[in-house]
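This report describes the architecture of one structure, from its central sheet to its domains and the meeting of its chains. The sequence and the structure are shown first.

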2 protein chains.
Amino acid sequence: MPVAWSSFYAERTAGMYSSEIRDILHLTEKPDIISLAGGLPAPELFPVEEFRRAFEWVLSHEGATALQYGPTEGYVPLKQVLAERMAKFGIQSSPDNILITSGSQQALDLLGKLFLNPGDAIVVENPSYLGALQAFNCYQARYVIVPMDENGMRTDVLDEILASQRVKFVYALPNFQNPSGRTMSLERRQHLVRIAEKYGVPIVEDDPYGELRYEGEHLPSLKSLDRSGNVIYLGTFSKILAPGFRLGWVVAPPEVFRWLVLAKQPADLHTCTASQRAFYHVAKDGFLDRHVARIRAVYHERRDTMLRAMERHFPPEVRWTKAEGGLFVWVMLPEGVDSRELLVEAVQEKVAFVPGSAFHADGSGHNTMRLNFSNSTPAQLEEAIERLGRVIRRFLGRVAVPSP
Amino acid sequence: MPVAWSSFYAERTAGMYSSEIRDILHLTEKPDIISLAGGLPAPELFPVEEFRRAFEWVLSHEGATALQYGPTEGYVPLKQVLAERMAKFGIQSSPDNILITSGSQQALDLLGKLFLNPGDAIVVENPSYLGALQAFNCYQARYVIVPMDENGMRTDVLDEILASQRVKFVYALPNFQNPSGRTMSLERRQHLVRIAEKYGVPIVEDDPYGELRYEGEHLPSLKSLDRSGNVIYLGTFSKILAPGFRLGWVVAPPEVFRWLVLAKQPADLHTCTASQRAFYHVAKDGFLDRHVARIRAVYHERRDTMLRAMERHFPPEVRWTKAEGGLFVWVMLPEGVDSRELLVEAVQEKVAFVPGSAFHADGSGHNTMRLNFSNSTPAQLEEAIERLGRVIRRFLGRVAVPSP
């Protein structure tokens with residue numbers, strides 16, 4: 001008889017489902033839709049020529065090695081470049097405690113594998129990165145949510161939480177958070193590191209956007225503030241070079257590093273050898289600094305264009321974050337509005353976004369939405385925001401919104 | 001206070017440990033050791049120039065797309081090439097049910113994630129592929145072992161097992177198994193597929209070496225014999241093109257395919273976009289057939305060299321498999337001998353292998369060892385077997401072996 005597949009799946013599959021983002025991305029692949037839904041970098045900024053030359057060099061000079069199996073830990077010269085670069089931002093590391101991962105998405109999966117029994121609690125910001133929630137769902141995490149305000153995670157609330165319950169780690173995105181665009185203030189960062197110290201709780205710091213700041217001063221990472229070795233730091237090349245190669249890294253205390261290697265080995269043996277060598281050639285000798293400056297200039301303009309257009313086209317009852325960096329602006333519609341219903345009408349007007357509820361571990365946030373500005377030209381952003389403003393005005397005029 | 005890390009790890013970490021193979025590989029990195037320990041392809045056969053041209057083409061003509069995020073399911077033209085190629089071997093598939101994975105190692109991890117609750121039973125051959133055991137260990141699998149003989153898995157024993165207990169799947173390597181080098185006979189293949197049908201149990205067929213046959217007739221895969229959609233088939237480019245890129249694939253029933261996509265998305269989003277496009281260019285237009293023929297010729301000679309040298313240098317009480325393909329010869333020392341002790345002496349004589357107990361889910365097999373012939377020249381193989389024969393003779397002369 002044929003296998004009755006549904007009776008064979010593991011219990012964890014109850015938490016595995018297709019993300020709204022992906023379904024929407026499929027929906028918005030039509031060329032006449034302007035999509036603010038994805039989180040894609042601008043492909044016209046990819047350093048294609050540098051990668052072409054780097055692969056040419058690697059495959060001409062060390063081809064056999066680049067095509068062979070490699071160490072799970074990653075390519076040491078690339079890790080050396082990363083250590084030197086992170087040192088500029090106050091993060092002490094060495095190739096011995098940097099693990100190259102297949103994107104920082106893999107790091108999230110490995111951390112779930114290493115730390116989480118079914119039902120184990122972890123602290124997440126509300127909202128938080130959808131890909132992290134999906135990764136931790138596979139390990140049947142239980143989410144303890146901490147609210148945010150304009151200064152990021154409410155660490156006073158976190159302190160109360162940790163006083164009363166045991167959690168496996170605190171997952172934080174301090175810089176220009178996906179999805180909210182918010183940045184954790186220096187005081188909150190210091191407080192968060194003190195709280196981790198107070199309770200002896202690990203922090204997982206996810207920092208894909210830290211270098212993409214368009215105004216204000218760089219704030220130190222949690223990792224650079226941590227004196228007790230309690231912070232596991234995740235970095236990625238996806239937003240500063242290119243995401244297609246799936247190259248990220250983890251900086252972990254030596255003890256955790258060894259376990260992460262043991263978790264990665266049966267997951268994919270190692271990350272692509274040739275890509276790691278090509279990234280080494282692209283990233284060394286200062287190219288990365290020049291390239292990031294260029295990305296910053298372009299995204300800065302796009303963010304400003306979007307924010308100005310929102311001022312002009314959005315009705316006064318709509319609020320949004322003025323993200324100091326990153327890829328996203330976060331919009332709060334009046335309470336009682338469901339942004340998923342709004343999306344249906346928006347797609348008819350050829351503009352798309354991601355409804356915010358997908359990012360909330362507690363299922364709240366129905367009145368929020370995430371707008372991406374990195375993957376559209378200024379002209380497209382103007383047009384998209386004008387369309388979206390029209391849809392929102394029409395929608396709010398029709399929907400009964402309870403008065404506050 | 002610093003985190004007390006050891007109290008934070010998940011229960012599954014009890015089954016995660018460094019493989020003997022890896023520790024030995026570290027040991028044998030000294031240049032004067034001839035290592036028969038690894039399972040590495042011969043790097044001098046890698047089609048480096050083809051990959052150089054393929055990356056050059058991809059990065060010159062479709063660079064921005066190749067550097068961007070891609071679909072989790074994989075690059076459709078590459079999957080089309082795979083479907084056409086597998087059709088030659090009787091496997092019906094289409095891009096809609098082929099998932100590109102980050103090596104077939106990732107496929108094993110995803111299958112564990114999809115099917116296994118802690119303590120769930122799966123059937124494995126004894127011995128079996130170490131990387132699979134490590135992947136399934138992470139999901140706290142319980143192993144039900146089936147013995148093998150010269151015709152592969154003892155399907156009569158499997159039939160009895162499945163009559164009395166529920167298992168999540170049967171994991172089988174029918175062709176030139178790693179580590180034993182054994183091949184499942186046609187009758188056993190047919191029987192195995194009938195048994196899966198009889199009990200409605202999934203089969204996971206792992207086939208990294210199927211095309212590397214040096215003598216005898218190609219035998220149909222379990223997937224090609226299966227009429228009920230009970231077989232999940234794993235393929236890989238690691239042994240027929242290059243392992244460093246980590247590119248494999250799964251052919252699964254549509255229902256299982258959808259779940260595997262949901263399992264892969266939070267694991268690494270997708271496999272490297274540029275590599276998939278480069279592999280498409282290398283694999284299309286018949287190159288793969290010509291290249292595999294070349295690999296076969298070289299490995300055939302190496303296998304023959306090793307087997308002839310073993311005839312000359314190994315004492316008569318030692319037996320071994322005459323692998324019809326693949327990368328390994330499997331050696332059975334007299335009962336009571338521990339090949340791990342032998343390894344210590346072998347390394348002193350500058351030759352290395354993998355002790356066979358690592359591959360046995362039940363911890364047996366102390367008197368066995370795995371020898372690799374793909375990654376050494378014929379001259380090195382002659383020398384290595386001569387050294388190993390000397391060590392074995394000396395060792396057996398000194399160790400008290402119980403008479404049979």
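## Central sheet

Strand β3 (residues 121–126) of chain A pairs in the parallel sense with strand β6 (residues 170–172) of chain A, over two bridges. Within this pair, A:Val123 stands opposite A:Val170 in β6(A). Strands pair here if DSSP finds at least two bridges between them; strands (E, at least two residues) and helices (H or I, at least four) are DSSP runs numbered from the N terminus. The model is a predicted one, in which local features need pLDDT of at least 70, side-chain atom pairs count only at pLDDT 80 or more, and totals for chains, interfaces and linings use all residues. Residues are numbered from 1 along each chain as its sequence is written, while chains are lettered from A and ligands numbered from 1 in the order in which they are written.

In chain A, eight strands make up an open sheet of mixed pairing, in the order β2-β9-β8-β7-β6-β3-β4-β5. The edges are held by β2 and β5 (152–153) of chain A, each with a single partner strand, so one side of each has no neighbour in the sheet.

## Strand β9 and its partners

Strand β9(A) is joined to strand β2 (residues 98–101) of chain A by four bridges, and the two run antiparallel. Strand β8 (residues 231–236) of chain A also pairs with β9(A) in the antiparallel sense, over four bridges. A:Val251 in β9(A) stands opposite A:Ile98 and also opposite A:Tyr233.

In a regular strand the side chains alternate between the two faces of the sheet. In β9 (residues 248–251) of chain A, A:Gly248 and A:Val250 point one way, A:Trp249 and A:Val251 point the other way, and all are buried. A buried residue has 20 or more other C-beta atoms within 10 Å of its own, these atoms being placed from the backbone.

## Nonpolar core

The largest nonpolar core has 250 residues. Such a core is a set of buried Ala, Val, Leu, Ile, Met, Phe, Trp, Tyr and Cys residues joined through C-beta atoms within 7 Å. The residues with the most contacts inside it are A:Val170, A:Val250, A:Leu260, B:Val170, B:Val250 and B:Leu260.

Leaving aside neighbours within four places in sequence, A:Val170 is in contact with A:Val123, A:Leu158, A:Ala196, A:Val201 and A:Ile203. Contact requires that the C-beta atoms of two residues, placed from the backbone, lie within 7 Å.

## Two domains

An automatic or database domain assignment divides chain A into domain 1 (12–46 + 289–398) and domain 2 (48–286). Across the boundary, 33 residues of domain 1 of chain A are in contact with 34 residues of domain 2 of chain A. On the domain 1 side, α12 (287–313) and β11 (328–332) of chain A are the elements that give two or more residues, and α12(A) supplies the largest share, eight residues.

## Chain interface

Between the chains, 72 residues of chain A are in contact with 72 residues of chain B. Several helices of chain A each supply at least two residues to this side, among them α2 (48–61), α5 (103–115) and α11 (273–283). α10(A) gives the most, with nine residues.

Chain A is superposed on chain B by a rotation of 180° with 0.0 Å of shift along its axis (RMSD 0.0 Å). The two copies are thus related as by a two-fold rotation axis. The superposition is by least squares on the C-alpha atoms of residues with pLDDT of at least 70 in both copies. Of the interface residues of chain A, 100% are also interface residues in chain B, so the copies meet through the same surface.

Notes
Buried ≥ 20, exposed ≤ 12 C-beta atoms within 10 Å, placed from the backbone.
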